[in-house]
Amino acid sequence: MCGIVGFIGKKRAAPVLAKNLKKLEYRGYDSAGIATLAKGSFHLLRCAGPVAGLRGGGMLAGTCGIGHTRWATHGAPSEENAHPHIYGRFAVVHNGIIENYHALKEECEKRGEAFSSQTDSEVIAHLLERYYMGELLEALRAVCARLRGSYALAVMCANEPETIALAREKSPLIAGYSDGGTVCASDIPAVAKQGAELYAIEDGECAVMKKERITFYGMGGGEIDKSPLAFDPETEAPYRCGFPHFMKKEMAEIPAVLKAARPNLGDFRYEAFYEALCRAEHLQIAACGTAYHAGLAAKFAFESLARVRTEVSVASEYRYCDPIVPDGTLMLAISQSGETADTIAAARLAKERGAKVVAIVNAESSSLAALADYVIPVRAGREIAVAATKTFNAQLAALYSIAASLAEYRKKRGYGDVLAQLPGLAEAALAAGEGVRSWVPYFVGASSVYFIGRGADYVAALEGCLKLKEISYLPSEGYPAGELKHGTLALVEKNTPVVAVLTSRRLAEKMMSAIEEVRARGAKVFLITSLCEYAVAEGVTLSVVVPECGEIFSPALSVIPLQQLAYYVSIARGNNPDKPRNLAKSVTVE
Ligand code: F6R
């Protein structure tokens, strides 16, 4: 949520800031802004909407500047609420939420200070003006001591040329050397280049950027030595490689990702994790959104294959439900970004209550990975489209693999060599899934859509529903097929599209009864199945057949046509599937 950047170098800062900000748009694109500092004066350009709206920004004078792309929390997505916020001698960009900003703002207003935005962030510039005694870093430290909540901050002072001070608490921030100068950013891709040297700023740390050097400090103390982050500039660079959208490119990567995501638990790097896994008596999983659905799918594998009791929670609920964490609990915190505030908080709470924490992450240098006892990287490569696709499949591959190893250790159910075949089967699912293009006319003008399934198919239905909602904006609901008759059936009318997922032979008859129920109320039924005989069943309007891979692992394949459906419906409705409204890729606020 929100991306911040900073640059000091020999060339004009504004074009570098705009270019780097563009690569952070996955974090929000409600508004954008850049401020540069030249000869003791700020030059400011801001706009509502994405970074492209910063026209003429390249002309801003100055070789030192900060920038921001916003996902609105406090205050409408307007130009006046766009960062940077300037007050007196200070310019500020902020990612996070200042929870006590009401009280701080009131305090400033009592001193006669006027505010020009509705944001929680502007108060930081006001406080800097109050606490500044001639040293920017000291002023920032004093201000941070007054803030409650989360922040990654980059601030400039008109009195201090070619200086940017940084601070971090619970929102990601990196700084280092790139673009021929010093840089900071919310995430690596903004500044990842061949030869760049980047460092993570951790919670409770601050830093001072000068033209040629960055110095890192503890918030209350002296200098800190850091090791540079390991990253591959090739894979960090966000290129579409000829695909019309990142989402399409990322779906095309699913087969490769299914191969790369499976950890080799025999490898010495996973030795400690494997031991903890084998010792675990209970598993708890906490995650949000798509990652939560991966957790739900994994529960089937852990319980059915390895017979280990597995509870799955939405992270934002787990952290406030006073969870019971029995002895011998292993908490699996699943997150693509590793920066989701609720997932981090849930993992931290589980740890405090005695669980060992495993971070299943795509971003290996993330906050979640840093706090976990063990890290399982899913190695899906950078995902740019806001809607998660390949990382869901990658999370499944990693989790299934872990469940299978545990089952082997416990000498429980075998699973054959299905996991090794998944990449090839996913190729076939992608090809078959293109068939959903003929479904689009039935969905494009629908007022609501329902997704149904049973068992693991229900999890795929939930994920398909989330994808459709978030990028097509069609009201949709995912439901366990057997539960329809207890209420939701009342919403089904003539021509309502109902997407049914059916890969479980065991539950096929039951599922067909549910399909009959909706069809009898006039619904049009669209089937995703691995059971060919049902593809042409009476009452099915159109169907897509995906390869069979067994009930437990089936979401890894059945979700593919569902992702494709969401993608094509989104385009048909005139949306940009890569940038759904109101959303951001990385949800670093509660
Ligand atoms: C949906 C989507 C979100 C994320 C959720 C968690 O397509 O991408 O629901 O899955 O915000 O994000 P991570 O996995 O980064 O914790």
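Two strands pair here if DSSP finds at least two bridges between them. Helices (H or I, at least four residues) and strands (E, at least two) are DSSP runs, numbered from the N terminus. This is a predicted model, so to speak of local features takes a pLDDT of at least 70 and side-chain atom pairs count only at pLDDT 80 or more, while totals for chains, interfaces and linings use all residues. Residues are numbered from 1 along each chain as its sequence is written, and side-chain values use heavy atoms, with hydrogens and water left out.

Let's start with strand β10, residues 181–185. All the burial talk below uses relative accessible area: buried is under 20%, exposed is over 50%, and partly exposed is in between (1.4 Å probe, protein chains only). In β10, 5 of the 5 residues are buried, so the strand is largely enclosed by the rest of the structure. On one side, β10 pairs with strand β1 (residues 3–9) in the antiparallel sense over 5 bridges. Strand β9 (residues 174–178) is also antiparallel to β10, again joined by 5 bridges.

Which residues stand opposite C184 in β10? G6 is one of them, and A175 is another. The β9 and β10 pair makes a hairpin with 2 residues between the strands, and D179 in that turn has a positive phi of about 55°.

Strand β21 (residues 476–480) runs parallel to β20 and is joined to it by 5 bridges, with G453 opposite P480 in β21. To get from β20 to β21 the chain goes through helix α16 (residues 456–472), a β-α-β crossover that is right-handed (with the strands pointing away from the viewer, the path from the first strand over the helix to the second runs clockwise).

β20 has a parallel partner in strand β22 (residues 497–502) as well, this time over 3 bridges. There, Y450 has V498 of β22 as its bridge partner.

## Two covered helices

The buried set is A341, D342, T343, I344, A345, A346, A347, L349 and A350.

Helix α19 (residues 555–572) has 18 residues and spans 25 Å between its first and last C-alpha, close to the 26 Å expected. Why call α19 largely enclosed? Because 16 of its 18 residues are buried by the rest of the structure. Just after α19, G574 takes a positive phi of about 80°.

## A cavity and a cis bond

How many cavities of 30 Å³ or more does the structure hold? There is 1, where a cavity is a set of points, on a 1 Å grid over the protein atoms alone, at which a 1.4 Å probe fits but cannot get out. The largest cavity has a volume of about 60 Å³, a volume being the space filled by probe spheres set on the points, which are joined across faces, edges and corners.

Lining residues have an atom within 4 Å of a point, and for the largest cavity they include C2, W71, H74, H83, H94 and D120. H83 is also joined to P84 by a cis peptide bond, with omega about -5°. P84 lies in the loop between β4 (64–70) and β5 (85–87).

D322 has a positive phi near 50° and is not a glycine. It sits in the loop between α10 (315–318) and β17 (329–335), and D322 is exposed, with a relative accessible area of 55%. N582, not a glycine either, has a positive phi of about 65°. N582 lies in the segment after α19 and is exposed at 53% relative accessible area.

E253 is found in the loop between α6 (246–252) and α7 (254–260). Its relative accessibility is 22%, so E253 counts as partly exposed. E253 and A125 are 128 residues apart in sequence, and their C-alpha atoms are 44 Å apart in space.

Notes. 1 Å grid on protein atoms, 1.4 Å probe; cavity = no way out; pocket = protein on both sides within 12 Å on 5 of 7 lines; lining within 4 Å. Expected span 1.5 Å × (residues − 1).
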